[in-house]
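Reader: I have a structure open and a few things to ask about it. Can we go through them one at a time?
Author: Go ahead.

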Protein chains: 2
Amino acid sequence: MHNPIKPVSLDRAYRLINHGPTVLVSARHDGVDDVMAAAWVCALDFDPPKLTVVLDKITATRVLVERSGLFVIQVPTVAQLELTHQVGTRSLNDEPAKLASVGVECFGLGDHDLPFVAGCSAWLACRLIAEPHNQQAYDLFIGEVIGAWADSRVFHDGRWHFEEADPAWRSIHHVAGGHFYGIGEALGSK
Amino acid sequence: MHNPIKPVSLDRAYRLINHGPTVLVSARHDGVDDVMAAAWVCALDFDPPKLTVVLDKITATRVLVERSGLFVIQVPTVAQLELTHQVGTRSLNDEPAKLASVGVECFGLGDHDLPFVAGCSAWLACRLIAEPHNQQAYDLFIGEVIGAWADSRVFHDGRWHFEEADPAWRSIHHVAGGHFYGIGEALGSK
């Protein structure tokens, strides 16, 4: 069967998040996986690609990131809006079966021992660049992107094709309190 | 005449950029103003609100930020797409009359000695929190938001109303090379 998930070259990985989508952050340590939602993720460099993500001290995912030094940033779709809201408002600390309860399925990509969330449109595997002051003072984490993939039904030839894909593939952009906007129409400068 | 620009309470200022728009960064020092475009801006904290922005060493705006310790993050609209692309690809270092040539008009807000770009939908006046390591190693700047305003024709009652406003007010989200997406439809979790 044709696999629609294709690698994205690292020098174009920033394009997967450049338009500011809300993302899912996942991590694994010692047999435990967690997934949370984050609107506060941002590209930091092109090549090698780096990004920043804010991980609050109360999140279980943060502990897994700190212990494993690895995490995944993935771009959820309109079809995953409710999943995104649920993983963003429920904690593994309170519900050990959170992921199963929400209906999150994880799979593998490349040779990374990391949980990649099924159904997303893009995935960036990241290695934590330890910056203890940023992490403690600002909850700010820096990652180097070490692998990138996208679903070719919505990202191919190095760019997003939201305008041609099923609207269920569009990225979602959280404002506050479970209110999101989907990404809209393509616009170009002259 | 009715002024549509209204203050936004600082505890809700993060909502102005939470959905990931491409922004304009402006700064002033010693009588010189500059404005650049930046997709790499991100909320960092709620209250007091903070944000991060990546400012490349080649930009003239960065020098003004470093010298004055102040800057403005503002949210441009679909109507300003070409202006955004132009200020993002032309440099004050090459063109001392860049702003006039592009057609950027600045005005004042509050008692801040800062250039606020006319026609945007929202403005966040920021005080630089000096973090020399981040600035040198990553081009990463942290600001505390000390004043926030929005145009009430598209942001009021503490949230965006893109779905009811003229489409020309929508935020723009840069992918690469002058290709943008406008923000799309409102979506809510259950």
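Reader: Where is His173(A) found?
Author: In strand S13 of chain A, residues 172-176. Keep in mind that this is a predicted model.

Reader: Is His173(A) buried or exposed?
Author: His173(A) is buried, because its relative accessible area is 0% and the cut-off for buried is under 20%.

Reader: What does the side chain of His173(A) make a polar contact with?
Author: The side chain of Ser171(A), at 2.9 Å.

Reader: Other histidine. Where is His85(A) found?
Author: In helix H2 of chain A, which runs over residues 81-89.

Reader: Why is His85(A) buried?
Author: Because its relative accessible area is 19%, and buried means under 20%.

Reader: What is His85(A) in contact with, leaving aside neighbours within four places in sequence?
Author: Gly177(A) and Gly178(A), along with Ser189(B) from the other chain.

Reader: Now H2 in chain B. Which residues are buried there?
Author: Leu81(B), Leu83(B), Thr84(B), His85(B) and Val87(B).

Reader: What covers the buried residues of H2(B)?
Author: Chain A supplies strand S14 (179-188). From chain B, the cover includes strands S2 (23-29), S3 (32-38), S13 (172-176) and S14 (179-188), together with helix H3 (98-102).

Reader: How are chain A and chain B superposed?
Author: By a rotation of 180° with 0.0 Å of shift along the axis, at an RMSD of 0.0 Å. That is the relation of a two-fold axis.

Reader: Why do the copies meet through the same surface?
Author: Because 100% of the interface residues of chain A are also interface residues in chain B.

Reader: Core next. How many residues are in the largest nonpolar core?
Author: It has 94 residues. Those with the most contacts inside it are Phe71, Ile73 and Trp160, in chain A and in chain B.

Reader: What does Trp160(A) touch?
Author: Beyond residues up to four places away in sequence, its contacts include Arg15(A), His19(A), Val75(A) and Phe155(A), plus Val175(B) and Tyr181(B).

Reader: Last one. What does the UniProt annotation cover in chain A?
Author: The unreviewed entry gives "domain: Flavin reductase like" for residues 15-162. That span is 20% helix and 41% strand, and its end C-alpha atoms lie 13 Å apart.

Definitions and conventions: Residues numbered from 1 in each chain as written. Chains lettered and ligands numbered in written order. Predicted model: local features only at pLDDT ≥ 70, side-chain atom pairs only at ≥ 80, totals over all residues. Heavy atoms only, no water. Core = buried A, V, L, I, M, F, W, Y, C linked by side-chain atoms within 4.5 Å. Buried < 20%, exposed > 50% of the residue type's maximum accessible area, 1.4 Å probe, protein only. Contact = heavy atoms within 4.5 Å. Helix = DSSP H or I, 4+ residues; strand = E, 2+ residues; numbered from the N terminus. UniProt positions renumbered as here; feature names shortened; annotations may be inferred. Polar contact = N/O pair within 3.5 Å; in protein donor to acceptor, adjacent residues only side chain to side chain. Least-squares fit on C-alpha atoms with pLDDT ≥ 70 in both.
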